[in-house]
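Morning, everyone. Please have the structure up on your screens while I talk.

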Amino acid sequence: MSDAPQSTPAARPASRASMKKELPEHFKAYRHVWVFIEYEHGAIHPVSLELLGEGRKLADKLGAELAGVLIGESRPALLEAAQEVWDHGADLAYIVADPILAHYRNEPFTRAMTDLVNTYQPEIFLLGATVLGRDLAGSVATTLQTGLTADCTALAIDDERSLAATRPTFGGSLMCTIHTLNYRPQMATVRPRVMPMPTPERGRTGRLIERALDMREEDVVTKVLRFLPDRDSAKSQLAFADIVVAGGLGLRSADNLQLVRGLAEVLGGEWGGSRPLVQKGWMSADRQIGQTGKTIRPKIYIAAGISGAIQHRVGVEGADLIIAINTDPHAPIFDFAHIGIIADATDILPALTEAFRRRLSVNRLCG
Ligand SMILES: Cc1cc2nc3c(=O)[nH]c(=O)nc-3n(C[C@H](O)[C@H](O)[C@H](O)COP(=O)(O)OP(=O)(O)OC[C@H]3O[C@@H](n4cnc5c(N)ncnc54)[C@H](O)[C@@H]3O)c2cc1C
């Protein structure tokens with residue numbers, strides 16, 4: 001035995017209550033829940049509407065108002081978009097319209113956003129974890145020197161009226177809940193399809209607040225010379241498909257992915273797969289489903305030869321009906337699938353494709 005002094009036992013992790021710090025006086029006036037409405041090329045990104053649904057719940061819990069923030073070039077277009085924002089549950093819409101804001105550029109969008117936040121002081125600010133949303137959220141949070149929790153999977157209000165933002169950690173093996181205790185606003189991003197789409201209430205009315213952008217084109221370093229749409233952008237509509245068929249390593253070869261694509265085609269759905277298929281070069285990354293791929297929320301999800309690892313599960317558990325095909329009766333996917341088929345996927349997929357092809361063509365003839 002060593003004579004070295006015994007070290008004192010490690011202190012137990014501080015509880016949430018012991019970490020609570022008094023909110024600085026100047027943040028106490030911060031109220032209400034805001035959602036950044038991603039509006040590009042005449043359309044609102046669906047994730048912004050999903051966040052209005054979630055923001056409504058948070059605002060109701062706080063007894064606060066819900067606002068949508070619209071930033072862009074054309075005032076009439078933003079006013080039209082504001083109606084969508086009210087229809088999806090917002091009490092008011094903030095609008096910043098200026099020719100400088102025609103295309104997304106980080107500097108003017110950050111200026112518009114931080115000016116609105118400093119003036120109207122929201123306590124919670126949510127953005128979609130899209131390419132644009134991630135870029136804007138980071139610069140707004142650092143400019144305002146507040147906390148930002150990225151890629152949240154759940155949002156709630158705790159007993160002390162603080163935003164509890166939950167997200168996966170340690171490679172998805174654990175979930176952690178993060179609080180921004182003494183800065184405002186409390187910011188969070190959420191990926192598309194993580195939250196359900198709220199049902200719009202058409203013709204709902206709300207208030208409108210307009211604000212001018214305090215910036216000139218000469219102040220912006222980045223210039224947009226031309227807009228070139230991504231040729232592949234329409235390639236995969238995985239995140240928004242009603243029916244998704246996916247394959248995993250259990251398919252054994254890239255050629256067998258044809259069986260997944262065949263069934264998806266007959267059902268009028270989309271197809272995708274687990275991460276190892278991307279790593280093996282069997283399919284492109286935009287078809288990966290899961291924590292580091294797409295989150296999906298289809299009516300029907302068919303998983304063939306996928307084990308159901310937690311990183312895959314978090315991307316699919318919002319599906320209404322999960323049908324799993326796996327040779328191993330103890331595969332983790334059977335813990336959360338609604339229907340399990342214990343069989344070889346390379347036998348079952350062609351059989352299902354053929355059965356649906358016949359059934360659907362009979363329906364079409366009769367219809
Ligand atoms: C940080 C991090 C992020 C990750 N992100 C993702 C992600 O976004 N998406 C994702 O999918 N994974 C992700 N992963 C990987 C994840 O942990 C798993 O390794 C992966 O999901 C396993 O893929 P799989 O189910 O296709 O393969 P396996 O785990 O190898 O499972 C294959 C399954 O097929 C079954 N099987 C075998 N033969 C047949 C057959 N003939 N017919 C039917 N079934 C058969 C087997 O019983 C087995 O259950 C991530 C991992 C990490 C560390």
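I will go through one lysine, then the aromatic pairs, then the cysteines. Keep in mind that this is a predicted model.

Start with Lys223. Where does Lys223 sit? Look in the loop between β12 (207–210) and β13 (243–247).

Now its surroundings. Set aside the neighbours within four places in sequence, and Lys223 is in contact with Arg105 and Glu217. With Glu217 there is a polar contact: the two side chains meet at 2.9 Å. The Lys223 side chain also reaches a backbone oxygen, that of Val220, at 2.8 Å. One further distance. Ile100 is 123 residues from Lys223 along the chain, yet their C-alpha atoms are separated by 9.9 Å.

Next, the aromatics. How many aromatic pairs does a search of the whole structure find? Six. I will show you two.

Take Phe27 and Tyr30. Their pair is edge-to-face, with 5.3 Å centre to centre and 80 degrees between the planes. Phe27 is buried, and Tyr30 is buried too.

Then Tyr94 and Tyr120. This pair is tilted, at 45 degrees between the planes and 4.9 Å centre to centre. It links distant parts of the chain. Tyr94 belongs to strand β5 (residues 92–97), Tyr120 to helix α4 (residues 106–120), and they are 26 residues apart. Tyr94 has 6% relative accessibility, so it counts as buried. Tyr120 is at 28%, and therefore counts as partly exposed. Both tyrosines also belong to one aromatic cluster, formed by Trp34, Tyr94, Tyr120 and Phe125.

Last, the cysteines. A disulfide is a covalent bond between the sulfur atoms of two cysteines.

Cys176 has a relative accessible area of 22%, which means partly exposed.

That is my tour. Over to you for questions.

Conventions: Residues are numbered from 1 along each chain as its sequence is written. This is a predicted model: local features need pLDDT of at least 70, side-chain atom pairs count only at pLDDT 80 or more; totals for chains, interfaces and linings use all residues. Side-chain values use heavy atoms; hydrogens and water are left out. Helices (H or I, at least four residues) and strands (E, at least two) are DSSP runs, numbered from the N terminus. Contact means heavy atoms within 4.5 Å. A polar contact is a pair of N or O atoms within 3.5 Å; within protein, one must be able to donate a hydrogen and the other to accept it, and residues adjacent in sequence count only if both atoms are side-chain atoms. Rings of Phe, Tyr and Trp (its six-membered ring) pair if their centres lie within 6.5 Å; planes under 30 degrees apart count as stacked, over 60 as edge-to-face and the rest as tilted. Buried means under 20% relative accessible area, exposed over 50%, partly exposed in between (1.4 Å probe, protein chains only).
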